[in-house]
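Student: Hi, I've got a model open and would like to talk through it. Can you take my questions as they come?

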Amino acid sequence: MFRSRSKDEQAATAKVTADQPQQPRDPQAPKGRPTPKRSDAQANRRTRAHTPANRKDAAKAQREARRADMAKQREAMANGDERYLPVRDKGPVRRFARDYVDSRWCVAEFFLPMAVIILVLTMIRVPQIQNVALLLWLVIIVLIVLDSVGIWLRMGKQLKERFPNESHRGVKAYAVMRTLQMRRLRLPKPQVKRGERP
């Protein structure tokens, strides 16, 4: 029971394994090359990762990397380059929302200039002018709400037609928030002219 196998049995086993066709290597199988020595692996790691010697140098390197990333993002915001945009602005759906808003006149983009005018009017100590200023506040707010609801509904319909398989979560709110900014201050910069349809 515990005796070793005979040479004939070992030869037969070797012949059976030799007769079987070799299958292609599975990608999950071992790598097929010798493992490098620990000293070689450590030397390779040291040359690849140029870690700074102290915390001050590490912080400086990290700041430089962050500054380079921010510069790429700023350039992408100006040019509309999708690769370096923040996650909030990436994707064809978000691009369509930006183009949809940028291609039309929105009441909300005139809110800041109108707010300054209304503020000046409220400072004048004439009751009729102050009443007009309050009425203007009310008119502007109602117009912004109506315009935003219209954009929300029309853009929701367009999104369902153009991007039926994409996620539309947060896109309509993203577009409405973009209308609140004056056109020249919007980031990413508008890529379409007014009147062009995206």
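Student: Which residue does Arg 88 meet in a salt bridge?
Tutor: The side chain of Arg 88 meets that of Asp 89, at 3.1 Å from N to O. A salt bridge here is a side-chain nitrogen of Lys or Arg within 4 Å of a carboxyl oxygen of Asp or Glu. Keep in mind that this is a predicted model, where local features need pLDDT of at least 70, side-chain atom pairs count only at pLDDT 80 or more, and totals for chains, interfaces and linings use all residues. Residues are numbered from 1 along each chain as its sequence is written, and side-chain values use heavy atoms, with hydrogens and water left out.

Student: Is Asp 89 buried or exposed?
Tutor: Asp 89 is buried, because its relative accessible area is 0%, while Arg 88 is partly exposed at 49%. The cut-offs are under 20% for buried, over 50% for exposed and in between for partly exposed (1.4 Å probe, protein chains only).

Student: How many salt bridges are there in the structure?
Tutor: The structure has 6. One of them joins Arg 194 and Glu 109 at 2.9 Å, N to O.

Student: Where do Arg 194 and Glu 109 lie?
Tutor: Arg 194 is in the segment after α7 and Glu 109 is in the loop between α4 and α5 (111–123), so this pair ties together parts 85 residues apart in sequence. Helices are DSSP runs (H or I, at least four residues), numbered from the N terminus. Glu 109 is buried at 4%, and Arg 194 is partly exposed at 26%.

Student: Changing topic: which residues of the largest nonpolar core touch the most other members?
Tutor: Of its 13 residues, those are Phe 96, Ala 97, Met 155, Leu 159 and Val 171. Two or more residues each come from α4 (92–102), α6 (127–162) and α7 (171–179), and α4 gives the largest share, 5 residues. Such a core is a set of buried Ala, Val, Leu, Ile, Met, Phe, Trp, Tyr and Cys residues joined through side-chain atoms within 4.5 Å.

Student: How many helices and strands does the protein have overall?
Tutor: There are 7 helices and 0 strands. Of the protein's 198 residues, 21% count as buried.
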